[in-house]
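Please take a moment to look over the sequence and the fold together before reading on. The paragraphs below are meant to be read with both in view.

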Amino acid sequence: MDLGAKLKGLRVLVTGASSGFGAHFAQLAARCGAEVVIGARRKSRLDALAAELPSLGAAGVTVVELDVTSAESVAQAFETISATGKLLDVVVNNAGISGDGLAMEQPIEQYDAVMATNLRGVWLVATEAARRWKAAGRGGSIVNIASIQGERVAPGIAAYSTSKAGVVHMTKSLALEWARYGIRVNAIEPGYVRTEMTDEMWETDYGRALIKRIPMRRLGLPEELDGALLLLATDAGSWMTGAAIAVDGGHLVSSL
């Protein structure tokens, strides 16, 4: 089964598309022939990505400035999307921040920022998409990007882990509520994946020690998330909703 072919012609929104996983997922959708909508706060980076996507095979590209923490920004982005073409078919809820810091030392403003982006942002985008699909009498697919930290914990990332655990539970709750409307809600839980933002860390003693705890003894690559995303986004996973798929080299099943 060619999962990529199943994305061809669909309209796909990727949030947090200015870098990292978001940019990668937008490129994946383009290579599959989807109509790609990219949203983030850093418009200059979005414009650079938008210029690249047609050459990869995108059926069309739309850029929206999007601050997922703002209900007004999310609503305006969806109005722009609606005005520039057909309804979305897939939403990849990817926008997120790390917010590292020990709990007793972390400023409450940083905690609030993590929750606003990682949890409130997912909620705002998902509910906005769902309301529009329901009003149109049609379904759609939402793929939330969670983390294995939503299942297990580690020192110094309590706020991040809490937010991602919330994303996992939100995914299941929304899936239950919206299944009757044909709206599927699933999540991917990436493990430690090599990206431009984390490359330097993996060359430190701390980073190398983390890699040794992964049963497969290596970091993941962004493209190793592609299969899970395509399964959940397309009708290849048409009977899947409320699922949270770990893609982590076996990290979640490792011994304590």
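What follows is a walk from the sheet to the helices and then to single residues.

This is a predicted model, in which local features need pLDDT of at least 70 and side-chain atom pairs count only at pLDDT 80 or more, while totals for chains, interfaces and linings use all residues. Residues are numbered from 1 along each chain as its sequence is written, and side-chain values use heavy atoms, with hydrogens and water left out.

Strands of a sheet pair through backbone hydrogen bonds, either parallel or antiparallel. Here, an open sheet of seven strands is arranged in the order β3-β2-β1-β4-β5-β6-β7, with parallel pairing. The names come from DSSP runs numbered from the N terminus, where helices are H or I runs of at least four residues and strands are E runs of at least two, and two strands count as paired if DSSP finds at least two bridges between them. At the edges lie β3 (60-65) and β7 (244-247), each of which pairs on one side only. On average, and with direction ignored, neighbouring strands of this sheet are turned by 20° against each other. As an example of the pairing, β2 (residues 35-40) runs parallel to β3 and is joined to it by six bridges, and within this pair Val 36 has Val 61 of β3 as its bridge partner.

Helix α5 (residues 108-136) packs on it and touches β1 (11-15), β4 (90-93), β5 (140-145) and β6, with a direction that makes about 170° with that of β4; contact here means heavy atoms within 4.5 Å, and axes are lines fitted to C-alpha atoms, for helices over the stretch in contact, with angles running from 0 to 180 degrees between N-to-C directions. Helix α8 (residues 226-233) lies across β4, β5, β6 and β7, and runs at about 170° to β6.

How do two helices meet? Two packed helices are described by the angle between their axes and the distance between the axes. For α2 and α8, the angle is about 65° and the axes are 11 Å apart. The residues that make this contact are His 24, Phe 25, Leu 28 and Arg 31 of α2, together with Asp 226, Leu 229 and Leu 230 of α8.

Leaving aside neighbours within four places in sequence, Asp 226 is in contact with His 24, Leu 28 and Arg 31, and its side chain makes a polar contact with the side chain of His 24 at 2.7 Å. A polar contact is a pair of N or O atoms within 3.5 Å; within protein, one must be able to donate a hydrogen and the other to accept it, and residues adjacent in sequence count only if both atoms are side-chain atoms. Asp 226 has a relative accessibility of 11% and therefore counts as buried, a word that means under 20% relative accessible area, whereas exposed means over 50% and partly exposed lies in between (1.4 Å probe, protein chains only).

Ala 233 is also found in helix α8, and it is buried, with a relative accessible area of 8%. Leaving aside neighbours within four places in sequence, Ala 233 is in contact with Leu 7, Val 90, Ser 141, Val 143 and Arg 184.

Asn 186 lies in strand β6 and is buried, with a relative accessible area of 0%. The side chain of Asn 186 reaches the backbone nitrogen of Thr 241 at 3.5 Å, and, not counting residues up to four places away in sequence, Asn 186 touches residues including Ile 142, Asn 144 and Leu 232. By contrast, Arg 217 is found in the loop between α7 and α8 and is exposed, with a relative accessible area of 54%. Arg 217 has a positive phi of about 60° although it is not a glycine.

The aromatic rings come last. Rings of Phe, Tyr and Trp (its six-membered ring) pair if their centres lie within 6.5 Å, and planes under 30 degrees apart count as stacked, over 60 as edge-to-face and the rest as tilted. By this rule there are two aromatic pairs. The ring centres of Phe 21 and Phe 25 are 6.0 Å apart and the planes are at 35°, so this pair is tilted. Tyr 192 and Trp 202 form an edge-to-face pair, at 5.4 Å centre to centre and 65° between the planes, and both Tyr 192 and Trp 202 are buried.
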